[in-house]
Amino acid sequence: MELVIASAVGIMTAGGIYLVLRLRAFPVILGLALLSYAVNVFLFASGRLAVDAPPILSKYADATYTDPLPQALVLTAIVISFGMTAVLVMIALGAFLENGHDRIDMEREDDAENGDASA
Amino acid sequence: MNHWIIAPVILPALLAPVIAFVMRHDITLARAASFAGALALAFIALGLTVLAAGGETHVYRLGDWPAPFGIVLVLDRLSAILVLLTAVLALIVLTHAAASGWDRRGRHFHALFQFQLMGICGAFLTGDAFNLFVFFEVLLIASYGLMIHGGGGVRLRAGLQYVVMNLAGSTLFLFALGTLYATTGTLNIADLALRVREIPLEDAALVRVAAMLLMIVFAIKAALFPVQFWLPGTYANAPAPVAALFAVMTKVGAYAILRMHTVVFGPDVIATNGLPGTWLFPAAAITMAVGAVGVMGARRLMPMLAFSVVGSMGTLMLAVAAFTPQATTAALYYLLHSTLAGAALFLLADLVLTRRGSDRLSPQSATVQNGLYAAIFFAAAIGMAGMPPLSGFLGKLMVLDALRAPEHLVVGWSVILVGSLLTIVGLARAGSVLFWKSTATETTPPDTPQTEAQPTDAPSPATPLELAAVIAAIALMAGLAVLAGPITNFLEDTSTQLFDRDGYIEAVLATGHEG
């Protein structure tokens, strides 16, 4: 299981980084989503991997349990990254509608001059 | 437990939704509420500073859960003075935003502004590393909204870059926290400090990775060298009052490095073994150089000011990187100063640029109140470059004095001195082009119709309120210089308290202590 988790985190991170380095907004957003999946799985693993164990202590039996804190952290991280992705999509959409293209890099200073003066 | 400690977080958090939902159609009411909130925040911060000046580390346990299990807010001198700085800056920026009408160029300026204050104050006060992440996200998501306030194609694209950069940073932050939790089993800063100290050198690889990942994350916020490139584009394209407020956001990164890499990964911890300082120092030196060269090379005013902020962060982090109490005192003094100096420059730039139309550094016919703006620019630039009468000079002097250790002396002194010279030259050039050469090209060609050249025909002179914001920032710099003695004494106590790691751990982890 360690191998599966580790390679999942690794492959998703690699794919995410590749996509984030693209020039257009859409792949970049996908890349950030992939990165956030990778980090969520990674946070789960930070509490050690346990299968079929409840995240609570039992005072009646000496049962195995899994660390509940990473699960709470992951939940927080999922909510935040979900909200952030929504904001990012809206800003990217706004930039696309204003500029007519979804390139993410800035124009050279001289080319940007005309747009600037009117802004 | 003193419940006022959580007030700087609660107050803006409650005020923001009220402004967003109740006052969204009434800008006057929203302004009044926002200003009253910031004023109340300033008074609370002042009270907390007086409270913290007693020297005790005050701990606020949320839900009264004991420290390693529940989340704590920690108020010490460092947190208190930074919350106070934030509140004062917020008052200045709000005054300017309302007086210049920036806040009505888009929706929800005041609500976002309050959320931003909540995030910044929370980041300064929290005593838990994951909570720090959450407050970072709060201040970031508000800053995304503020950054694209007013809209426009170029600004939206710059905003998109800013968001992408920071989302990547947040991901890195989570990776760092996961690594830290996996190795130590805790995320409370005091508890972390205790556990990290016990880790022997041979098991320390993962802790070192986590420490350096955290440093990269905070360096993104503080705009340090390899990851500084987002700052000029963002600040140059943000609305000017927002850029002025962002002057304190880079300081959040500096604060986080100070807190985490002093209390948890301090210089005498075996596991990290002075690693943070080793990497931070060259990064800060290059940042200073990048800022200075950027100031020289910029062809427009807003990017130039943004680069001067990069340069000031370089100076600040040079002092932080020494990780000694004396250098930290200097860093804190320079931090207070550079926040005000950056804000003053951006606010003034807004006053000048709305009357000029373009922020190109080229001679253009003089606008109204040319002499007044020239004088204010002169004062603010003196502050930023670090010339005598204002606090920048004292700040740089203290930083230089603190960098006397042989391993820091040559690089630190030469970078700061040469960098300051370049910054002075760059700012002087900009000032003379903007204000002096403008008077030489007095006459616009009379045959061109006046209305076509200027979209807002006959720019109006600044109202007293607009000027008040800028002048208040400069006056505060002068105040910092005049009261340098008492302030330095306070900051010395602050850095002593910061480096008293046992005192911090004891205060936070003490159980059964009902306050």
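This is a predicted model: local features need pLDDT of at least 70, side-chain atom pairs count only at pLDDT 80 or more; totals for chains, interfaces and linings use all residues.
**Briefing: elements of chains A and B**

Residues are numbered from 1 along each chain as its sequence is written, and chains are lettered from A and ligands numbered from 1 in the order in which they are written.

- Of the 119 residues in chain A, 27% are buried (20 or more other C-beta atoms within 10 Å of the residue's own, with C-beta atoms placed from the backbone).
- Contacts are pairs of residues whose C-beta atoms, placed from the backbone, lie within 7 Å; of those in chain A between residues at least 6 apart in sequence, 52% join residues at least 24 apart.

**Chain A: annotated spans**
- An unreviewed UniProt entry assigns the feature "transmembrane region" to residues 6-21, 28-51 and 71-97 of chain A; such annotations may be inferred rather than shown by experiment.
- Residues 28-51 of chain A are 75% helix and 0% strand, with end C-alpha atoms 34 Å apart.
- Residues 71-97 of chain A are 100% helix and 0% strand, and their end C-alpha atoms lie 39 Å apart.

**Chain B: a strand pair**
- Strand β1 (residues 58-61) of chain B pairs with β2(B) in the antiparallel sense over 4 bridges; pairing requires that DSSP finds at least two bridges between two strands.
- B:His58 has B:Leu75 as its bridge partner in β2(B).
- Strand β2 (residues 72-75) of chain B is covered on both faces, with B:Val72 and B:Val74 buried on one side and B:Leu73 and B:Leu75 buried on the other.

Conventions:
A residue is buried if 20 or more other C-beta atoms lie within 10 Å of its own, exposed if 12 or fewer, and partly exposed in between; C-beta atoms are placed from the backbone. Two residues are in contact if their C-beta atoms, placed from the backbone, lie within 7 Å. Helices (H or I, at least four residues) and strands (E, at least two) are DSSP runs, numbered from the N terminus.
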